[in-house]
Amino acid sequence: MKMNHVGIMVGDMDKAVEFYTKALGLRIVMNNTRVIEERKSAIGRMCIAVFGEGFKSFNIAHLVTTDGIGVELFEMVDREDCHNVDFSRLGIFHFCLQLPKEQFETAIKRVEEYGGKVRMDIHRYHPEDELKQAQMVYLEDPFGNLFEFYSHSYEDTYASDYE
């Protein structure tokens, strides 16, 4: 089994597409499209099954990372303005993108330029071991959705003990 895509709720589709393409470098597969609540089409019936009666409509866009993982953006008609992270709630709370550590500073500047925020300083996983240079940093998009930059693969980062 492999990862196919992740769905993210956003507050402004045009701003989200701009952020995810220009700040994070994703590519558009299907740009901003309106989906309305209706029972005539297969997509309409599927959305009622997923979102329930009364969702009215939403905008959707499909993007893809350089390694082919999809990012599906949703902008619901009725929504909060910002994602309020509650670490006591169950569920997915972030996603992670991998890029070389030498690109972190430039990528972080782009994130800030397009309305995102940095939540912490860049950290090394193994600061006591010069041979292990894996770094990470948590950020958020303009709508409060958390994401992370990793400098190394997931396996390389966690294949040994860390403090």
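This is a predicted model: local features need pLDDT of at least 70, side-chain atom pairs count only at pLDDT 80 or more; totals for chains, interfaces and linings use all residues.
**The whole chain**

Start with the protein chain in cartoon view. Its C-alpha trace spans about 60 × 35 × 30 Å along the principal axes. Four helices and nine strands are present, and from the N terminus they run β-α-β-α-β-β-β-α-β-β-β-β-α.

Next, select residues 2-152, which an unreviewed UniProt entry lists as "domain: VOC". This span is 21% helix and 33% strand, and its end C-alpha atoms lie 18 Å apart.

**Surface and charges**

Switch to a surface view. The chain exposes about 10400 Å², with 51% of that supplied by carbon and sulfur atoms. Of the 163 residues, 38% count as buried. Colour by charge to find 18 positive and 28 negative charges, whose mean positions are 7 Å apart.

**The largest nonpolar core**

In soluble globular proteins, nonpolar side chains tend to be buried together. Select Y20, L24, L73, F147 and F149: within the largest nonpolar core, which has 26 residues, these touch the most other members. Elements that each supply at least two residues to this core include α1 (13-23), β4 (70-76), α3 (104-113) and β9 (146-150). The largest share, six residues, comes from α1.

Now centre on L24. Leaving aside residues up to four places away in sequence, L24 touches F19, L97, V111, F147 and F149.

**The second core**

Finally, select V35, F55, F74 and M76. They are among the eight residues of a second, separate core.

Note on methods:
Residues are numbered from 1 along each chain as its sequence is written. Side-chain values use heavy atoms; hydrogens and water are left out. UniProt positions are given in the numbering used here, feature names are shortened, and annotations may be inferred rather than shown by experiment. Buried means under 20% relative accessible area, exposed over 50%, partly exposed in between (1.4 Å probe, protein chains only). Accessible areas come from the Shrake-Rupley method with a 1.4 Å probe; for residues, only the protein chains shown count as cover. Lys and Arg count as positive and Asp and Glu as negative; His and the chain ends are not counted. The place of a charge is taken as NZ of Lys, CZ of Arg, CG of Asp or CD of Glu. A nonpolar core is a set of buried Ala, Val, Leu, Ile, Met, Phe, Trp, Tyr and Cys residues joined through side-chain atoms within 4.5 Å. Contact means heavy atoms within 4.5 Å.
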